[in-house]
Amino acid sequence: MPNAWDIGSAVLFASLDFEALATTSGGFAATRGRLDGSMSRSEVLDHVAELAAATDLPLSADLENCFAHDPAGVAATIAEAVAAGVAGCSVEDYRGDPADPIYELAQAADRVRAAAEAAHGGPTRVVLTARAENYLHGRPDLADTIARLQAFEEAGADVLFAPRLTDPDQLRQVLSAVDVPVSVLVTPGAPTVGELAQLGVSRISVGGAVAVAAYGAAIRAVTELRDQGTCGYWELAAAARPAIEASFTR
């Protein structure tokens, strides 16, 4: 699922024959000149509703830690995202505190359980992804990550995700330890998409990387013009123009 960061990127990706989209907390924050993790609950939920309405494709919402430490708060955030029209959403076990980054396992599982009840209990059942954030926050503990993913599956998660876990042998261990689909964040040095499929990975995403790459292209374009006086970026613009003209409206 390509991760869209605004209406334009969502509409553009939808025109390219993808079957589903996801949001990206970091990409969205960048559109407001902020870093990942700095957006408020209301800002994220408004953004999710905007992107859910922008295309006909199913949308999975990156809801970070659901902006709550307690299970009831997690459930409330999931319920609002469901009401906004998402087809899926996520909850992670990152506390938001770099000094103590990961919730204790029991609390993390309780939060996933509450999220699953909110995701599955309404008139529309949405796909809940439960994220184990160890590898994103300096805790490359495979045994603990597997224990968390197993607990999250037991708590009702539909999809499991441990971002930055890309070693093929470790992925095999994860895949053999759980019975629901596993998602992988595609990064440099990770197995190729084909290799991930052969391992048994069910879903891939790019997180905020494509959004950052778009900003990278913009930086390269304006600095090229300023420092070299050339406009090589027009080649990339020309490649994008047909898709933009075909998918955007007046």
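Colleague: Where does Cys66 lie?

Modeller: Cys66 is in the loop between strand S3 (59-61) and helix H4 (71-83). Helices (H or I, at least four residues) and strands (E, at least two) are DSSP runs, numbered from the N terminus. The model is predicted, so local features need pLDDT of at least 70 and side-chain atom pairs pLDDT 80 or more, while totals for chains, interfaces and linings use all residues. Residues are numbered from 1 along each chain as its sequence is written, and side-chain values use heavy atoms, with hydrogens and water left out.

Colleague: Are Cys66 and Asp17 buried or exposed?

Modeller: Buried means under 20% relative accessible area, exposed over 50%, and partly exposed in between (1.4 Å probe, protein chains only). Cys66 counts as buried because its relative accessibility is 0%. Asp17, at 71%, is exposed.

Colleague: What does H4 look like, and which of its residues are buried?

Modeller: The expected span of a helix is 1.5 Å times one less than its number of residues. H4 has 13 residues and reaches 18 Å from its first C-alpha to its last, close to the 18 Å expected. Its buried residues are Gly73, Val74, Ala75, Thr77, Ile78, Ala81 and Val82. H3, S4, H5 and strand S5 (127-131) are among the elements that cover them, where contact means heavy atoms within 4.5 Å. Just after H4, Gly85 takes a positive phi of about 105°.

Colleague: Which residues touch the most other members of the largest nonpolar core?

Modeller: A nonpolar core is a set of buried Ala, Val, Leu, Ile, Met, Phe, Trp, Tyr and Cys residues joined through side-chain atoms within 4.5 Å. The largest one here has 48 residues, and Leu63, Ile78, Val112, Leu128, Leu149 and Phe152 touch the most other members. H5 gives the most to this core, with six residues. Apart from it lies another core of nine residues, including Ala4, Leu21, Leu59 and Ala211. Not counting residues up to four places away in sequence, Leu63 touches Val44, Leu45, Val48, Thr77, Ile78, Ala81, Cys89 and Ser90.

Colleague: Which side chain makes a polar contact with that of Asp93?

Modeller: A polar contact is a pair of N or O atoms within 3.5 Å; within protein, one must be able to donate a hydrogen and the other to accept it, and residues adjacent in sequence count only if both atoms are side-chain atoms. The side chain of Asp93 makes one with the side chain of Arg148, at 3.1 Å. Asp93 lies in the loop between strand S4 (88-92) and helix H5 (105-120). Asp93 counts as buried because its relative accessibility is 1%. Beyond four places away in sequence, the residues that Asp93 touches include Tyr103, Arg111, Arg131, Glu133 and Phe152.

Colleague: How many aromatic pairs does a search of the whole structure find?

Modeller: Rings of Phe, Tyr and Trp (its six-membered ring) pair if their centres lie within 6.5 Å; planes under 30 degrees apart count as stacked, over 60 as edge-to-face and the rest as tilted. The search finds one pair. Trp5 and Phe13 are edge-to-face, with 5.9 Å centre to centre and 75° between the planes. Trp5 is buried at 12%, and Phe13 is buried at 11%. Trp5 also touches His47, a residue of helix H3 (41-54). His47 is buried at 5% relative accessibility.

Colleague: Where does H10 bend?

Modeller: The bend at a residue is the angle between axes fitted to the seven residues ending there and the seven starting there. H10 bends by about 35° at Ala240, and a proline, Pro242, follows within four residues. H10 (residues 233-247) has 15 residues and reaches 21 Å from its first C-alpha to its last, close to the 21 Å expected.

Colleague: Which residues does Ala243 touch?

Modeller: Ala243, in H10, touches Leu12, Ser15 and Leu16, not counting residues up to four places away in sequence. The C-alpha atoms of Ala243 and Ser15 are separated by 7.4 Å, though the two residues are 228 apart along the chain. Ala243 is partly exposed, at 24% relative accessibility.
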